[in-house]
Amino acid sequence: MTQLQTLFGWIGDATWGWALIPFLVVLGGAFTLMSGFVQLRFFGRMWGVLSDGGNRDGGVSSREALLVSIGGRVGGGNIAGVAVAITLGGPGAVFWMWVVALIGMATSLFECALAQLYKRGEPDGTFRGGPAQYIIHGLGKRFTWLAMLYAACLLASFGLGFSAFQGNTVAVAANDSLGLDPIWVGAGLALVTMVIVFGGIRRIAKVSDVVIPVMALGYIVLALAVIVLNITDVPAALWTIVANAVGLEEAVGGGVGAAVAQGMRRGLFSNEAGLGSAPNVAAAAAVPHPISQGIVQSLSVFIDTIIICTCTALIILLGDVYVPGASDVDGVALTQQSLVDHLGAWSQYFLTGAVLLFAFSSIIYNYYLGETALSVLSDTTIARVALRIAVPAVVFLGAAAPGATEVFFFSDPLMGLLALVNLLALAMLFPVGLRLLADYRRQLRAGAVEPVLEISDYKDLDIDPAAWASPARTRPLG
(Lines give C-alpha, C1' and ligand atoms only; values in the text may rest on other atoms or scores of the structure.)
Protein backbone atom coordinates (compact mmCIF):
# COMPACT_ATOMS: atom_id res chain seq x y z
CA MET A 1 0.00 0.00 0.00
CA THR A 2 2.85 2.40 0.82
CA GLN A 3 4.45 1.71 -2.55
CA LEU A 4 1.13 2.30 -4.33
CA GLN A 5 0.61 5.58 -2.49
CA THR A 6 4.12 6.66 -3.46
CA LEU A 7 3.48 5.76 -7.12
CA PHE A 8 0.19 7.62 -7.30
CA GLY A 9 1.70 10.53 -5.39
CA TRP A 10 4.35 10.78 -8.10
CA ILE A 11 1.67 10.64 -10.82
CA GLY A 12 -0.25 13.41 -9.05
CA ASP A 13 2.87 15.59 -8.76
CA ALA A 14 3.76 15.00 -12.41
CA THR A 15 0.30 15.90 -13.66
CA TRP A 16 -1.38 18.40 -11.33
CA GLY A 17 1.96 19.57 -9.96
CA TRP A 18 3.58 20.97 -13.08
CA ALA A 19 2.34 19.54 -16.41
CA LEU A 20 -1.45 19.71 -16.56
CA ILE A 21 -2.37 23.30 -15.72
CA PRO A 22 0.15 24.93 -18.14
CA PHE A 23 -0.91 22.45 -20.85
CA LEU A 24 -4.59 23.25 -20.31
CA VAL A 25 -4.04 27.01 -20.37
CA VAL A 26 -1.72 26.99 -23.39
CA LEU A 27 -3.95 24.69 -25.45
CA GLY A 28 -7.09 26.56 -24.42
CA GLY A 29 -5.48 29.83 -25.45
CA ALA A 30 -4.39 28.32 -28.77
CA PHE A 31 -7.89 26.94 -29.45
CA THR A 32 -9.36 30.36 -28.65
CA LEU A 33 -7.02 32.29 -30.96
CA MET A 34 -7.02 29.82 -33.87
CA SER A 35 -10.82 29.57 -33.84
CA GLY A 36 -11.28 33.33 -33.81
CA PHE A 37 -12.66 33.44 -30.26
CA VAL A 38 -15.39 30.95 -31.07
CA GLN A 39 -16.79 31.02 -27.52
CA LEU A 40 -17.59 34.72 -27.91
CA ARG A 41 -18.83 34.54 -31.50
CA PHE A 42 -21.40 31.86 -30.65
CA PHE A 43 -22.27 33.10 -27.17
CA GLY A 44 -25.78 34.13 -28.22
CA ARG A 45 -26.49 30.77 -29.87
CA MET A 46 -25.61 28.90 -26.67
CA TRP A 47 -28.74 30.00 -24.88
CA GLY A 48 -31.15 28.66 -27.50
CA VAL A 49 -30.65 25.15 -26.12
CA LEU A 50 -32.58 26.06 -22.96
CA SER A 51 -35.81 25.87 -24.97
CA ASP A 52 -34.87 22.50 -26.48
CA GLY A 53 -36.95 20.16 -24.34
CA GLY A 54 -38.02 17.56 -26.89
CA ASN A 55 -36.65 14.03 -27.13
CA ARG A 56 -34.52 13.16 -30.14
CA ASP A 57 -34.86 9.88 -32.02
CA GLY A 58 -32.09 7.61 -30.78
CA GLY A 59 -30.76 9.80 -28.00
CA VAL A 60 -31.37 12.39 -25.33
CA SER A 61 -32.08 16.00 -26.16
CA SER A 62 -29.35 18.58 -26.36
CA ARG A 63 -30.66 20.32 -23.24
CA GLU A 64 -30.76 17.08 -21.28
CA ALA A 65 -27.13 16.38 -22.18
CA LEU A 66 -26.28 19.93 -21.08
CA LEU A 67 -28.00 19.45 -17.72
CA VAL A 68 -26.32 16.10 -17.05
CA SER A 69 -22.91 17.69 -17.67
CA ILE A 70 -23.77 20.72 -15.52
CA GLY A 71 -24.77 18.28 -12.78
CA GLY A 72 -21.28 16.81 -12.99
CA ARG A 73 -19.37 20.08 -13.24
CA VAL A 74 -21.33 21.85 -10.50
CA GLY A 75 -20.45 20.45 -7.10
CA GLY A 76 -18.25 21.01 -4.11
CA GLY A 77 -15.85 23.06 -6.20
CA ASN A 78 -18.53 25.74 -6.60
CA ILE A 79 -19.19 26.02 -2.86
CA ALA A 80 -16.15 24.78 -0.95
CA GLY A 81 -13.61 25.18 -3.78
CA VAL A 82 -14.27 28.88 -4.28
CA ALA A 83 -13.98 29.46 -0.54
CA VAL A 84 -10.63 27.64 -0.47
CA ALA A 85 -9.39 29.64 -3.46
CA ILE A 86 -10.27 32.92 -1.74
CA THR A 87 -8.74 31.81 1.57
CA LEU A 88 -5.42 30.72 0.03
CA GLY A 89 -5.19 33.05 -2.97
CA GLY A 90 -7.24 36.06 -1.93
CA PRO A 91 -10.24 37.53 -3.78
CA GLY A 92 -8.08 37.86 -6.90
CA ALA A 93 -8.24 34.08 -7.34
CA VAL A 94 -11.84 34.51 -8.53
CA PHE A 95 -10.65 36.69 -11.44
CA TRP A 96 -8.29 33.96 -12.62
CA MET A 97 -11.10 31.42 -12.30
CA TRP A 98 -13.01 33.61 -14.75
CA VAL A 99 -10.04 33.72 -17.14
CA VAL A 100 -9.63 29.93 -17.04
CA ALA A 101 -13.35 29.47 -17.68
CA LEU A 102 -13.40 31.82 -20.69
CA ILE A 103 -10.44 29.96 -22.21
CA GLY A 104 -11.89 26.60 -21.22
CA MET A 105 -15.12 27.37 -23.08
CA ALA A 106 -13.20 26.96 -26.35
CA THR A 107 -11.52 23.75 -25.17
CA SER A 108 -14.85 22.28 -24.10
CA LEU A 109 -16.46 23.24 -27.41
CA PHE A 110 -13.87 21.34 -29.44
CA GLU A 111 -13.61 18.25 -27.22
CA CYS A 112 -17.40 17.86 -27.14
CA ALA A 113 -17.74 18.47 -30.90
CA LEU A 114 -15.16 15.74 -31.56
CA ALA A 115 -17.01 13.39 -29.20
CA GLN A 116 -20.16 14.03 -31.24
CA LEU A 117 -18.43 13.49 -34.57
CA TYR A 118 -16.94 10.11 -33.62
CA LYS A 119 -19.85 8.81 -31.49
CA ARG A 120 -21.18 5.31 -32.11
CA GLY A 121 -24.75 4.03 -32.21
CA GLU A 122 -25.81 1.55 -29.52
CA PRO A 123 -28.18 -1.43 -29.97
CA ASP A 124 -30.83 0.29 -27.83
CA GLY A 125 -30.84 3.33 -30.13
CA THR A 126 -28.76 5.61 -27.89
CA PHE A 127 -25.31 6.99 -28.69
CA ARG A 128 -22.00 6.59 -26.90
CA GLY A 129 -18.76 8.44 -27.38
CA GLY A 130 -16.02 10.47 -25.75
CA PRO A 131 -12.23 10.75 -25.75
CA ALA A 132 -11.70 6.97 -25.96
CA GLN A 133 -13.79 6.84 -29.13
CA TYR A 134 -12.20 9.86 -30.80
CA ILE A 135 -8.78 8.46 -29.98
CA ILE A 136 -9.57 5.07 -31.57
CA HIS A 137 -11.57 6.35 -34.55
CA GLY A 138 -9.86 9.70 -34.99
CA LEU A 139 -6.21 8.82 -34.41
CA GLY A 140 -6.42 5.21 -35.59
CA LYS A 141 -6.26 1.68 -34.23
CA ARG A 142 -2.57 2.02 -33.38
CA PHE A 143 -3.62 4.36 -30.56
CA THR A 144 -6.04 1.84 -29.03
CA TRP A 145 -3.67 1.42 -26.09
CA LEU A 146 -3.99 5.15 -25.36
CA ALA A 147 -7.78 4.89 -25.44
CA MET A 148 -7.65 1.91 -23.08
CA LEU A 149 -5.42 3.88 -20.68
CA TYR A 150 -7.86 6.78 -20.76
CA ALA A 151 -10.86 4.48 -20.18
CA ALA A 152 -9.19 2.70 -17.25
CA CYS A 153 -8.36 6.04 -15.59
CA LEU A 154 -11.90 7.33 -16.18
CA LEU A 155 -13.51 4.21 -14.71
CA ALA A 156 -11.30 4.14 -11.60
CA SER A 157 -11.36 7.87 -10.86
CA PHE A 158 -14.83 9.13 -11.81
CA GLY A 159 -16.77 5.88 -11.96
CA LEU A 160 -15.64 4.58 -8.55
CA GLY A 161 -13.37 6.90 -6.56
CA PHE A 162 -15.27 10.17 -6.88
CA SER A 163 -18.58 8.40 -6.26
CA ALA A 164 -17.27 7.39 -2.82
CA PHE A 165 -16.20 10.97 -2.12
CA GLN A 166 -19.62 12.32 -3.10
CA GLY A 167 -21.34 9.75 -0.87
CA ASN A 168 -19.14 10.93 1.97
CA THR A 169 -20.02 14.56 1.22
CA VAL A 170 -23.75 13.82 1.41
CA ALA A 171 -23.40 11.86 4.67
CA VAL A 172 -21.27 14.51 6.39
CA ALA A 173 -23.58 17.36 5.35
CA ALA A 174 -26.71 15.47 6.47
CA ASN A 175 -25.13 14.48 9.78
CA ASP A 176 -23.80 17.97 10.59
CA SER A 177 -26.98 19.87 9.79
CA LEU A 178 -29.75 17.33 10.36
CA GLY A 179 -28.14 14.83 12.73
CA LEU A 180 -28.88 11.88 10.46
CA ASP A 181 -26.96 8.63 10.88
CA PRO A 182 -24.44 8.25 7.99
CA ILE A 183 -25.33 4.56 7.64
CA TRP A 184 -28.99 5.32 6.90
CA VAL A 185 -28.04 8.24 4.66
CA GLY A 186 -25.67 5.98 2.75
CA ALA A 187 -28.29 3.24 2.42
CA GLY A 188 -30.92 5.63 1.12
CA LEU A 189 -28.52 7.30 -1.29
CA ALA A 190 -27.29 3.93 -2.59
CA LEU A 191 -30.85 2.73 -3.18
CA VAL A 192 -31.87 5.84 -5.14
CA THR A 193 -28.63 5.69 -7.11
CA MET A 194 -29.27 2.07 -8.07
CA VAL A 195 -32.81 2.82 -9.27
CA ILE A 196 -31.54 5.62 -11.50
CA VAL A 197 -28.41 3.97 -12.94
CA PHE A 198 -30.29 0.81 -13.91
CA GLY A 199 -32.41 3.04 -16.15
CA GLY A 200 -29.40 4.02 -18.27
CA ILE A 201 -28.69 7.40 -19.86
CA ARG A 202 -32.34 8.14 -20.64
CA ARG A 203 -33.36 7.89 -16.97
CA ILE A 204 -30.24 9.78 -15.87
CA ALA A 205 -31.14 12.54 -18.34
CA LYS A 206 -34.75 12.72 -17.12
CA VAL A 207 -33.68 13.00 -13.48
CA SER A 208 -31.10 15.65 -14.33
CA ASP A 209 -33.70 17.61 -16.31
CA VAL A 210 -35.60 18.06 -13.02
CA VAL A 211 -32.88 18.14 -10.35
CA ILE A 212 -30.27 20.37 -12.00
CA PRO A 213 -32.47 23.43 -12.74
CA VAL A 214 -33.87 23.30 -9.19
CA MET A 215 -30.38 22.94 -7.74
CA ALA A 216 -28.70 25.66 -9.78
CA LEU A 217 -31.56 28.18 -9.86
CA GLY A 218 -32.21 27.79 -6.12
CA TYR A 219 -28.59 28.58 -5.30
CA ILE A 220 -28.52 31.51 -7.74
CA VAL A 221 -31.71 32.95 -6.21
CA LEU A 222 -30.12 32.71 -2.77
CA ALA A 223 -27.04 34.55 -4.03
CA LEU A 224 -29.20 37.20 -5.70
CA ALA A 225 -30.93 37.81 -2.37
CA VAL A 226 -27.53 38.41 -0.77
CA ILE A 227 -26.54 40.74 -3.63
CA VAL A 228 -29.77 42.75 -3.39
CA LEU A 229 -29.35 43.14 0.38
CA ASN A 230 -25.81 44.43 -0.18
CA ILE A 231 -26.23 46.10 -3.56
CA THR A 232 -24.26 49.20 -2.65
CA ASP A 233 -21.23 47.08 -1.71
CA VAL A 234 -21.18 45.00 -4.90
CA PRO A 235 -18.97 47.41 -6.95
CA ALA A 236 -16.40 47.43 -4.15
CA ALA A 237 -16.41 43.62 -3.98
CA LEU A 238 -15.88 43.32 -7.73
CA TRP A 239 -13.09 45.90 -7.59
CA THR A 240 -11.43 43.91 -4.80
CA ILE A 241 -11.44 40.83 -7.03
CA VAL A 242 -9.80 42.68 -9.93
CA ALA A 243 -7.38 44.69 -7.79
CA ASN A 244 -6.12 41.57 -6.00
CA ALA A 245 -5.77 39.73 -9.30
CA VAL A 246 -3.43 42.29 -10.87
CA GLY A 247 -1.49 43.28 -7.76
CA LEU A 248 -3.06 46.66 -6.95
CA GLU A 249 -4.06 45.22 -3.58
CA GLU A 250 -2.77 42.21 -1.65
CA ALA A 251 -4.97 40.09 0.60
CA VAL A 252 -2.73 37.10 1.33
CA GLY A 253 0.92 36.21 1.31
CA GLY A 254 2.12 35.42 -2.19
CA GLY A 255 0.17 38.25 -3.79
CA VAL A 256 -0.59 37.88 -7.51
CA GLY A 257 1.24 34.54 -7.69
CA ALA A 258 -1.01 32.98 -5.08
CA ALA A 259 -4.11 34.41 -6.77
CA VAL A 260 -3.10 33.04 -10.19
CA ALA A 261 -2.15 29.59 -8.87
CA GLN A 262 -5.27 29.11 -6.77
CA GLY A 263 -7.62 30.62 -9.34
CA MET A 264 -6.38 28.48 -12.20
CA ARG A 265 -6.26 25.26 -10.23
CA ARG A 266 -9.66 25.67 -8.57
CA GLY A 267 -11.16 26.90 -11.84
CA LEU A 268 -10.00 23.82 -13.71
CA PHE A 269 -11.21 21.51 -10.96
CA SER A 270 -14.59 23.21 -11.07
CA ASN A 271 -15.39 23.48 -14.79
CA GLU A 272 -13.53 20.35 -16.01
CA ALA A 273 -12.87 21.90 -19.44
CA GLY A 274 -10.22 19.81 -21.17
CA LEU A 275 -10.29 16.99 -18.62
CA GLY A 276 -12.21 14.74 -21.03
CA SER A 277 -15.16 14.00 -18.74
CA ALA A 278 -17.98 16.11 -20.25
CA PRO A 279 -17.46 14.82 -23.84
CA ASN A 280 -18.72 11.41 -22.72
CA VAL A 281 -22.11 12.95 -21.93
CA ALA A 282 -22.08 15.34 -24.89
CA ALA A 283 -21.80 12.38 -27.27
CA ALA A 284 -25.12 10.96 -26.02
CA ALA A 285 -27.16 13.82 -27.52
CA ALA A 286 -28.84 13.68 -30.93
CA VAL A 287 -28.02 16.95 -32.68
CA PRO A 288 -27.82 18.14 -36.31
CA HIS A 289 -24.10 19.00 -36.25
CA PRO A 290 -21.21 18.23 -33.86
CA ILE A 291 -20.48 21.92 -33.33
CA SER A 292 -24.07 22.39 -32.13
CA GLN A 293 -23.39 20.28 -29.03
CA GLY A 294 -19.93 21.78 -28.65
CA ILE A 295 -21.55 25.19 -28.33
CA VAL A 296 -24.00 23.80 -25.78
CA GLN A 297 -21.23 22.30 -23.63
CA SER A 298 -19.30 25.55 -23.79
CA LEU A 299 -22.31 27.12 -22.08
CA SER A 300 -22.03 24.64 -19.20
CA VAL A 301 -18.52 25.96 -18.44
CA PHE A 302 -19.91 29.51 -18.38
CA ILE A 303 -22.76 28.54 -16.04
CA ASP A 304 -20.45 26.60 -13.74
CA THR A 305 -17.76 29.21 -13.21
CA ILE A 306 -18.85 32.63 -14.42
CA ILE A 307 -22.31 32.37 -12.84
CA ILE A 308 -22.33 29.88 -9.94
CA CYS A 309 -18.74 30.34 -8.70
CA THR A 310 -19.22 34.11 -8.83
CA CYS A 311 -22.36 33.71 -6.72
CA THR A 312 -20.32 31.93 -4.04
CA ALA A 313 -17.57 34.54 -4.23
CA LEU A 314 -20.00 37.42 -3.69
CA ILE A 315 -21.71 35.62 -0.81
CA ILE A 316 -18.30 35.44 0.90
CA LEU A 317 -16.90 38.86 -0.03
CA LEU A 318 -20.07 40.81 0.80
CA GLY A 319 -20.14 39.42 4.34
CA ASP A 320 -18.09 39.98 7.49
CA VAL A 321 -17.00 36.38 8.13
CA TYR A 322 -14.13 36.36 5.63
CA VAL A 323 -10.94 37.95 6.99
CA PRO A 324 -8.09 38.33 4.44
CA GLY A 325 -5.11 36.21 5.44
CA ALA A 326 -7.03 34.20 8.05
CA SER A 327 -7.37 30.45 7.56
CA ASP A 328 -9.31 29.38 10.65
CA VAL A 329 -12.55 29.28 8.63
CA ASP A 330 -12.39 27.94 5.08
CA GLY A 331 -14.07 25.54 2.67
CA VAL A 332 -17.79 24.98 2.92
CA ALA A 333 -17.78 26.36 6.48
CA LEU A 334 -16.77 29.80 5.18
CA THR A 335 -19.59 29.81 2.62
CA GLN A 336 -22.09 28.50 5.14
CA GLN A 337 -21.18 31.00 7.86
CA SER A 338 -21.24 33.83 5.32
CA LEU A 339 -24.76 32.85 4.28
CA VAL A 340 -25.90 32.77 7.91
CA ASP A 341 -24.35 36.21 8.38
CA HIS A 342 -26.43 37.56 5.48
CA LEU A 343 -29.73 35.70 5.74
CA GLY A 344 -29.94 34.03 9.14
CA ALA A 345 -29.63 30.49 10.50
CA TRP A 346 -32.27 29.02 8.18
CA SER A 347 -29.96 29.48 5.17
CA GLN A 348 -27.51 26.84 6.40
CA TYR A 349 -30.20 24.21 5.91
CA PHE A 350 -30.82 25.46 2.39
CA LEU A 351 -27.09 25.21 1.68
CA THR A 352 -27.06 21.68 3.08
CA GLY A 353 -29.85 20.81 0.64
CA ALA A 354 -27.86 22.36 -2.20
CA VAL A 355 -24.79 20.33 -1.24
CA LEU A 356 -26.91 17.17 -1.18
CA LEU A 357 -28.29 17.84 -4.65
CA PHE A 358 -24.88 18.86 -6.01
CA ALA A 359 -23.33 15.66 -4.70
CA PHE A 360 -26.19 13.45 -5.89
CA SER A 361 -26.11 14.89 -9.41
CA SER A 362 -22.36 14.27 -9.47
CA ILE A 363 -22.86 10.62 -8.46
CA ILE A 364 -25.17 9.83 -11.37
CA TYR A 365 -22.90 11.79 -13.71
CA ASN A 366 -19.87 9.84 -12.47
CA TYR A 367 -21.72 6.57 -12.98
CA TYR A 368 -22.42 7.38 -16.62
CA LEU A 369 -18.75 8.25 -17.18
CA GLY A 370 -17.84 4.90 -15.64
CA GLU A 371 -20.28 3.05 -17.89
CA THR A 372 -18.87 4.79 -20.96
CA ALA A 373 -15.34 3.82 -19.93
CA LEU A 374 -16.43 0.24 -19.29
CA SER A 375 -17.90 -0.01 -22.80
CA VAL A 376 -14.36 0.47 -24.13
CA LEU A 377 -12.74 -2.02 -21.76
CA SER A 378 -15.41 -4.74 -21.64
CA ASP A 379 -18.67 -4.09 -23.47
CA THR A 380 -20.69 -6.95 -21.99
CA THR A 381 -24.00 -7.05 -20.16
CA ILE A 382 -22.39 -8.79 -17.19
CA ALA A 383 -19.76 -6.06 -16.82
CA ARG A 384 -22.40 -3.33 -17.08
CA VAL A 385 -24.62 -4.93 -14.44
CA ALA A 386 -21.60 -5.40 -12.18
CA LEU A 387 -20.83 -1.68 -12.46
CA ARG A 388 -24.46 -0.78 -11.72
CA ILE A 389 -24.17 -2.78 -8.51
CA ALA A 390 -20.65 -1.61 -7.66
CA VAL A 391 -21.36 2.12 -7.85
CA PRO A 392 -24.22 2.15 -5.28
CA ALA A 393 -22.06 -0.10 -3.07
CA VAL A 394 -19.15 2.34 -3.31
CA VAL A 395 -21.51 5.25 -2.55
CA PHE A 396 -22.71 3.44 0.57
CA LEU A 397 -19.14 2.65 1.60
CA GLY A 398 -18.08 6.27 1.20
CA ALA A 399 -21.06 7.49 3.23
CA ALA A 400 -21.14 4.92 6.01
CA ALA A 401 -17.55 3.86 6.68
CA PRO A 402 -15.29 6.40 8.44
CA GLY A 403 -12.09 6.87 6.46
CA ALA A 404 -13.38 4.76 3.54
CA THR A 405 -12.67 7.53 1.05
CA GLU A 406 -8.96 7.27 1.89
CA VAL A 407 -8.97 3.94 0.03
CA PHE A 408 -9.59 5.90 -3.18
CA PHE A 409 -6.41 7.99 -2.91
CA PHE A 410 -5.68 7.18 -6.56
CA SER A 411 -8.62 9.23 -7.92
CA ASP A 412 -6.98 12.66 -8.27
CA PRO A 413 -3.72 11.36 -9.81
CA LEU A 414 -5.63 9.24 -12.33
CA MET A 415 -7.83 12.20 -13.23
CA GLY A 416 -4.68 14.19 -13.97
CA LEU A 417 -3.36 11.36 -16.15
CA LEU A 418 -6.58 10.99 -18.14
CA ALA A 419 -6.65 14.76 -18.66
CA LEU A 420 -3.15 14.69 -20.18
CA VAL A 421 -4.17 11.83 -22.48
CA ASN A 422 -7.25 13.78 -23.57
CA LEU A 423 -5.31 16.97 -24.21
CA LEU A 424 -2.74 15.10 -26.29
CA ALA A 425 -5.54 13.66 -28.43
CA LEU A 426 -7.22 17.08 -28.72
CA ALA A 427 -3.99 18.68 -29.93
CA MET A 428 -3.60 16.02 -32.64
CA LEU A 429 -7.27 16.20 -33.70
CA PHE A 430 -7.58 19.99 -33.58
CA PRO A 431 -7.40 20.27 -37.43
CA VAL A 432 -10.52 18.09 -37.59
CA GLY A 433 -12.19 20.38 -35.06
CA LEU A 434 -11.35 23.43 -37.16
CA ARG A 435 -12.74 21.64 -40.21
CA LEU A 436 -16.03 21.07 -38.40
CA LEU A 437 -16.12 24.70 -37.30
CA ALA A 438 -15.49 25.94 -40.85
CA ASP A 439 -18.31 23.71 -42.13
CA TYR A 440 -20.67 25.02 -39.45
CA ARG A 441 -19.84 28.65 -40.22
CA ARG A 442 -20.15 28.08 -43.99
CA GLN A 443 -23.70 26.77 -43.55
CA LEU A 444 -24.64 29.71 -41.33
CA ARG A 445 -23.35 32.16 -43.94
CA ALA A 446 -25.44 30.32 -46.55
CA GLY A 447 -28.55 31.01 -44.49
CA ALA A 448 -29.02 27.73 -42.61
CA VAL A 449 -31.03 28.11 -39.41
CA GLU A 450 -29.30 25.07 -37.92
CA PRO A 451 -26.33 23.55 -39.83
CA VAL A 452 -26.48 19.80 -40.53
CA LEU A 453 -23.55 17.40 -40.82
CA GLU A 454 -23.36 15.82 -44.28
CA ILE A 455 -21.68 12.43 -44.01
CA SER A 456 -20.59 12.63 -47.65
CA ASP A 457 -18.29 15.53 -46.77
CA TYR A 458 -16.37 13.39 -44.25
CA LYS A 459 -15.84 10.10 -46.11
CA ASP A 460 -12.13 10.22 -45.23
CA LEU A 461 -12.95 9.96 -41.51
CA ASP A 462 -14.01 6.91 -39.48
CA ILE A 463 -17.54 8.08 -38.67
CA ASP A 464 -20.45 5.79 -37.78
CA PRO A 465 -23.14 6.52 -40.44
CA ALA A 466 -25.84 4.98 -38.22
CA ALA A 467 -25.15 7.58 -35.54
CA TRP A 468 -25.95 10.35 -38.02
CA ALA A 469 -28.91 8.74 -39.78
CA SER A 470 -31.54 9.91 -37.28
CA PRO A 471 -34.18 12.30 -38.71
CA ALA A 472 -34.07 14.14 -35.36
CA ARG A 473 -30.86 15.87 -36.34
CA THR A 474 -32.61 17.65 -39.18
CA ARG A 475 -35.01 19.43 -36.82
CA PRO A 476 -33.97 22.88 -35.56
CA LEU A 477 -32.96 23.17 -31.92
CA GLY A 478 -35.24 25.57 -30.08
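**Helix H11**

Begin by selecting residues 234-246, which form helix H11. Helices here are DSSP runs of type H or I with at least four residues, strands are E runs with at least two, and both are numbered from the N terminus. H11 has 13 residues and reaches 19 Å from its first C-alpha to its last, close to the 18 Å expected at 1.5 Å a residue. The expected span is 1.5 Å times one less than the number of residues in the helix.

The structure on the screen is a predicted model, in which local features need pLDDT of at least 70 and side-chain atom pairs count only at pLDDT 80 or more, while totals for chains, interfaces and linings use all residues. Residues are numbered from 1 along each chain as its sequence is written, and side-chain values use heavy atoms, with hydrogens and water left out.

Which residues of H11 are buried? They are Val234, Ala237, Ile241, Ala243, Asn244 and Ala245. Buried means under 20% relative accessible area, exposed means over 50%, and partly exposed lies in between (1.4 Å probe, protein chains only). An α-helix has 3.6 residues a turn, so residues three or four places apart point the same way. Now select glycine 247, which follows H11 and has a positive phi, near 90°.

**The whole chain**

Of its 478 residues, 60% count as buried. Among contacts (heavy atoms within 4.5 Å) with a separation of 6 or more, 83% are between residues 24 or more positions apart. The chain exposes about 17600 Å², and carbon and sulfur atoms supply 67% of that area. Accessible areas come from the Shrake-Rupley method with a 1.4 Å probe; for residues, only the protein chains shown count as cover.

**The nonpolar core**

Select Ile86, Leu117, Tyr118, Tyr134, Ile135, Tyr219 and Ile291, the residues with the most contacts inside the largest nonpolar core, which has 149 residues. A nonpolar core is a set of buried Ala, Val, Leu, Ile, Met, Phe, Trp, Tyr and Cys residues joined through side-chain atoms within 4.5 Å. Keep Ile86 in view: leaving aside residues up to four places away in sequence, Ile86 touches Pro91, Val94, Ala313, Ile316, Leu317 and Tyr322.

**Aromatic pairs**

How many aromatic pairs are there? The count comes to 11 aromatic pairs. Rings of Phe, Tyr and Trp (its six-membered ring) pair if their centres lie within 6.5 Å; planes under 30 degrees apart count as stacked, over 60 as edge-to-face and the rest as tilted.

Select Phe43 and Phe302, an edge-to-face pair with 5.0 Å centre to centre and 70° between the planes. This pair links distant parts of the chain, 259 residues apart: Phe43 is in helix H3 (residues 43-46) and Phe302 in helix H14 (residues 290-317). Phe43 is partly exposed, at 29% relative accessibility, whereas Phe302 is buried, at 15%.

Next select Phe110 and Phe430, whose ring centres are 4.9 Å apart and whose planes are at 75°, so this pair is edge-to-face. Phe110 lies in helix H6 (residues 92-117) and Phe430 in helix H18 (residues 411-445), so the pair ties together parts 320 residues apart in sequence. Both Phe110 and Phe430 are buried.

**A lysine over two rings**

Select Lys119 together with Phe127 and Trp468. Lys119 lies over the face of Phe127, at 4.1 Å from the ring centre. Its charged end also sits over the ring of Trp468, 4.4 Å from the centre. A charge sits over a ring if NZ of Lys or CZ of Arg is within 6 Å of the ring centre and within 35 degrees of the ring normal.

Return to helix H14 and select Gln293. Is Gln293 buried or exposed? Gln293 is buried, with a relative accessible area of 0%. Its contacts beyond four places in sequence include Ser62, Cys112, Gln116 and Ala282.

Then select Ala174 in helix H8 (residues 144-178). Ala174 is buried, at 3% relative accessible area. Ala174 and Tyr349 are 175 residues apart in sequence and 9.4 Å apart in space, C-alpha to C-alpha.

**A final loop residue**

Finish at Phe37, in the loop between helix H1 (2-34) and helix H2 (38-41). The phi of Phe37 is near 55°, a positive value in a residue other than glycine. Phe37 counts as partly exposed, at 40% relative accessibility.
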